[in-house]
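Welcome! Take a moment to look over the sequence and the model below, and then let us walk through a few of its features together.

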Amino acid sequence: MDPYDTPSSGAPGNGAQFPADRPARLAVGVVGAGRVGTALGAALSRAGHRVVAAAAVSDRSRTRVAERLPGAAVSPLPDVVAAADLVLLTVPDDELPELASGLVTAGVPVTGKLIMHPSGRYGTAVLDPLTRAGALPLALHPVMTFTGRPDDVNRLTGISFGVTSPEPLRPVAEALVLEMGGEPVWITEDARPLYHAALAGGANHLVTLVVEAMDLLRAAGVAEPGRMLGPLLGAALDNGLRLGIDGLTGPVARGDAGTVSDHVAELAKVSPESRRAYVALARLTADRALGAGLLKPEDAERLLEALAD
């Protein structure tokens with residue numbers, strides 16, 4: 001039988017047929033009770049599904065299960081899979097391929113079970129060993145950061161999820177996302193690496209830039225750099241999201257090569273690492289401003305001379 005055939009009724013692990021608008025109520029198992037796994041488990045529980053078991057090794061993970069997933073049994077991995085209709089593989093990206101193949105090698109039955117991971121890096125190909133064993137693969141990546149705080153679950157409301165699945169499972173994948181309060185956005189398997197690079201570059205490097213700016217302001221004598229930066233960075237982010245490159249301001253956009261040159265010289269005294277980052281980003285900014293017609297070619301040439309190594 002085709003692994004995506006869905007006979008009659010019941011839970012998916014028992015050969016379920018899902019309604020067009022939403023999946024049936026599912027028994028959920030969480031493999032990897034970290035920040036993401038427990039947040040997604042709690043969101044599914046809030047939607048009416050039952051988190052029945054979780055694999056948790058460390059004391060911190062066990063505490064998360066007790067706090068976020070009350071009623072879930074802390075069990076060995078094979079028992080978690082056996083108890084669940086929907087299994088969340090919420091482990092670090094680098095562990096996911098080995099986990100997927102390891103479950104099959106260990107002979108853990110997965111036929112008819114939905115197996116989902118939230119990794120942004122991977123689509124469903126990483127679950128191929130499980131798919132060949134009869135599992136139903138889903139990749140549902142929440143586009144959000146998770147800090148382990150109680151408000152992680154609430155942060156899922158209104159966010160995008162990058163969804164990749166076999167076409168027959170697409171309605172189920174999208175329904176699960178909607179139930180968790182998110183918005184499904186379809187990402188093809190081959191586009192996953194670029195999709196994830198864009199998100200990681202935007203979110204992770206943004207934090208680095210903010211922390212770097214605060215450190216430099218402290219070095220300049222500013223006692224509360226966060227208070228100073230908050231309104232400025234909030235406005236810059238809003239401009240970028242609403243206006244794109246047209247929201248660009250500052251000395252690069254103005255073609256102010258003298259100011260940029262002063263910045264580079266001062267940063268070289270304080271932090272060579274900061275100088276290199278500033279130069280790389282200023283070059284990229286100049287290229288984009290030039291391409292958008294915001295910067296005249298002669299101004300761009302002077303800027304690039306100021307940014308030369």
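## A first residue to look at

Is Glu-167 buried or exposed? Glu-167 is exposed, because its relative accessible area is 51% and the cut-off for exposed is over 50%. Please keep in mind as you read on that this is a predicted model.

Glu-167 also has a partner: Arg-170 forms a salt bridge with Glu-167, and their closest N and O atoms are 4.0 Å apart. Arg-170 itself is partly exposed, at 24% relative accessibility. Salt bridges with shared partners bring Glu-167, Arg-170 and Glu-174 together in one network.

## Other salt bridges

The whole structure holds nine salt bridges. One of them joins the side chains of Arg-25 and Glu-179, at 2.6 Å from N to O. This pair connects distant parts of the chain, 154 residues apart: Arg-25 sits in the segment before strand E1 (27–31), while Glu-179 belongs to helix H6 (residues 170–179). Arg-25 is partly exposed, with a relative accessible area of 33%.

Another salt bridge stays within a helix. Asp-238 and Arg-242 are separated by about one helical turn, because they are four residues apart in helix H8. Their side chains meet at 2.8 Å, N to O. Asp-238 is partly exposed at 35%, whereas Arg-242 counts as exposed at 55%.

## The largest pocket

Now to the open spaces. The largest pocket has a volume of about 2400 Å³. It is lined by 42 residues, and those closest to its centre are Leu-209, Leu-233, Leu-248, Leu-281 and Thr-285. Helices H7 (192–219), H8 (225–243), H9 (251–254), H10 (257–270) and H11 each supply at least two lining residues. The lining comprises 25 nonpolar, 14 polar and three charged residues.

Leu-284 is part of helix H11 (residues 272–291) and is partly exposed, with a relative accessible area of 47%.

## The second largest pocket

The second largest pocket has a volume of about 730 Å³. Of its 25 lining residues, His-141, Pro-142, Met-144, Thr-145 and Phe-146 are the closest to the centre.

Which helix gives the most to this lining? Helix H7 does, with seven residues. Helix H1 (35–46) and strand E6 (136–142) each supply at least two residues as well. By class, 13 of the lining residues are nonpolar, ten are polar and two are charged.

Key
Residues numbered from 1 in each chain as written. Predicted model: local features only at pLDDT ≥ 70, side-chain atom pairs only at ≥ 80, totals over all residues. Heavy atoms only, no water. Buried < 20%, exposed > 50% of the residue type's maximum accessible area, 1.4 Å probe, protein only. 1 Å grid on protein atoms, 1.4 Å probe; cavity = no way out; pocket = protein on both sides within 12 Å on 5 of 7 lines; lining within 4 Å. Points joined across faces, edges and corners; volume = space filled by probe spheres on them. Nonpolar A, V, L, I, M, F, W, Y, C, P; charged D, E, K, R; others polar.
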